[in-house]
Amino acid sequence: MEESLLRSEGISIPKQAFIPRETEDNPFDITLIAKDNKEFQAHIHVLSEASPFFEKLLNCGMRESNEGVVRLETVTQDRLRDILEFVYTGTVDTSIEDSGHWQDLLAIADFLVLSNLKTFVGKILTNRLDPSNAFQTYYLAEKFKCLELLSNTEGFIFEKLSRHIENG
């Protein structure tokens, strides 16, 4: 059965781990090593197109490009898997409820200059705004210069404060 048919029948399917594909015409040419020593294979051209950080690191004759290995000492294997999934597919599993996950991903996206991922995470955080996390989200939006998230969070806070003041 196709996955969509199974979902329509109410059968949940566990999310498959995303793995970039190597082909004969497009072999892997870089290894990314996460904080917990998990290795991921990728393509320099894909990473370079997604991020000025990777473009500079991998195309300027630095040690990482010569050795074909990049150690990301602050990125866990779960977050690196999410980053690669986003870089290769333009999306990442949005069913994760843990706000810490999204906060970590936002910080890493900022560090790696993955502006599309920052925007994506900002939209997820906007959709999950509530009174208990609004000020923390505002702080993160300001810290990582996520202008759309900052604007949305400001609007949310002002709306809630206005209602609170009106209701006395």
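**Close-up views of the predicted model**

Figure 1. Beyond its neighbours within four places in sequence, Val-70 makes contact with Ile-30, Thr-31, Leu-32, Ile-33, Leu-57, Leu-58 and Glu-64. The structure shown here and in the other views is a predicted model. Val-70 belongs to strand E3, which comprises residues 69–72. Its relative accessibility is 2%, so Val-70 counts as buried. Leu-57, one of the residues in contact with Val-70, lies 13 residues from Val-70 along the chain, and the C-alpha atoms of the two are separated by 8.9 Å.

**Figure 2. Overall arrangement of the chain.** Nine helices and three strands make up the secondary structure of the chain. In sequence order, these elements follow the pattern α-β-β-α-α-α-β-α-α-α-α-α. The chain has 168 residues, of which 37% count as buried. Among contacts in the chain with a separation of 6 or more, 53% are accounted for by residues 24 or more positions apart.

**Figure 3. The largest nonpolar core and the contacts of Leu-32.** The largest nonpolar core holds 38 residues. Which of these residues touch the most other members? They are Ile-30, Leu-32, Leu-47, Leu-58, Leu-80, Ile-83 and Leu-117. With neighbours within four places in sequence left aside, Leu-32 is in contact with Lys-38, Glu-39, Phe-40, Ala-42, Leu-47, Phe-54, Val-70, Leu-80 and Leu-84. Among these partners, Leu-47 and Leu-80 are also named with Leu-32 in the group that touches the most other members of the core.

**Figure 4. Ile-83 in helix H5.** Ile-83 is part of helix H5, which spans residues 77–89. Is Ile-83 buried or exposed? Ile-83 counts as buried, because its relative accessibility is 2% and the limit for burial is under 20%. Not counting residues up to four places away in sequence, Ile-83 touches Val-75, Leu-105, Ile-108, Leu-112, Leu-114 and Leu-117. Of these, Leu-117 is listed together with Ile-83 among the core residues that touch the most other members. Ile-83 and Ile-108 stand 25 residues apart in sequence, with a C-alpha to C-alpha distance of 8.7 Å.

**Figure 5. Packing of helices H6 and H7.** Helix H6 (residues 99–111) packs against helix H7 (residues 115–127) at an angle of about 155 degrees, and their axes are 9 Å apart. The two helices, H6 and H7, are therefore roughly antiparallel to each other. Their crossing is left-handed. On the H6 side, the contact is made by Trp-102, Leu-105, Leu-106, Ala-109 and Asp-110, and on the H7 side by Leu-117, Lys-118, Val-121, Ile-124 and Leu-125. Classified by residue type, the contact of H6 with H7 contains eight nonpolar, no polar and two charged residues. Leu-105 and Leu-117, which take part in this contact, also touch Ile-83.

**Figure 6. Packing of helices H8 and H9.** Helix H8 covers residues 134–143 and helix H9 residues 147–166; their axes come within 9 Å and cross at roughly 155 degrees. This angle makes H8 roughly antiparallel to H9. H8 and H9 pass each other in a left-handed crossing. H8 contributes Ala-134, Phe-135, Thr-137, Tyr-138, Ala-141 and Glu-142 to the contact, and H9 contributes Leu-149, Leu-150, Thr-153, Glu-154, Phe-156 and Ile-157. The residues of the contact of H8 with H9 comprise eight nonpolar, two polar and two charged.

Figure 7. Asn-37, a residue other than glycine, has a positive phi near 65 degrees. Asn-37 is located in the loop between strand E1 (30–34) and strand E2 (39–42). With a relative accessible area of 57%, Asn-37 is exposed. Lys-145 is likewise not a glycine and has a positive phi of about 55 degrees. The loop between H8 and H9 holds Lys-145. The relative accessible area of Lys-145 is 64%, so this residue is exposed.

**Figure 8. His-45 in helix H2.** His-45 lies in helix H2, formed by residues 44–50. With a relative accessible area of 38%, His-45 is partly exposed. His-45 and Glu-55 are 10 residues apart along the chain, and their C-alpha atoms are separated by 8.1 Å.

Key
Residues numbered from 1 in each chain as written. Predicted model: local features only at pLDDT ≥ 70, side-chain atom pairs only at ≥ 80, totals over all residues. Heavy atoms only, no water. Core = buried A, V, L, I, M, F, W, Y, C linked by side-chain atoms within 4.5 Å. Buried < 20%, exposed > 50% of the residue type's maximum accessible area, 1.4 Å probe, protein only. Contact = heavy atoms within 4.5 Å. Axes fitted to C-alpha atoms, helices over the stretch in contact; angles between N-to-C directions. Helix = DSSP H or I, 4+ residues; strand = E, 2+ residues; numbered from the N terminus. Parallel < 35°, antiparallel > 145°, perpendicular 65-115°, else oblique. Left-handed = near helix turned anticlockwise from the far one by under 90°. Nonpolar A, V, L, I, M, F, W, Y, C, P; charged D, E, K, R; others polar.
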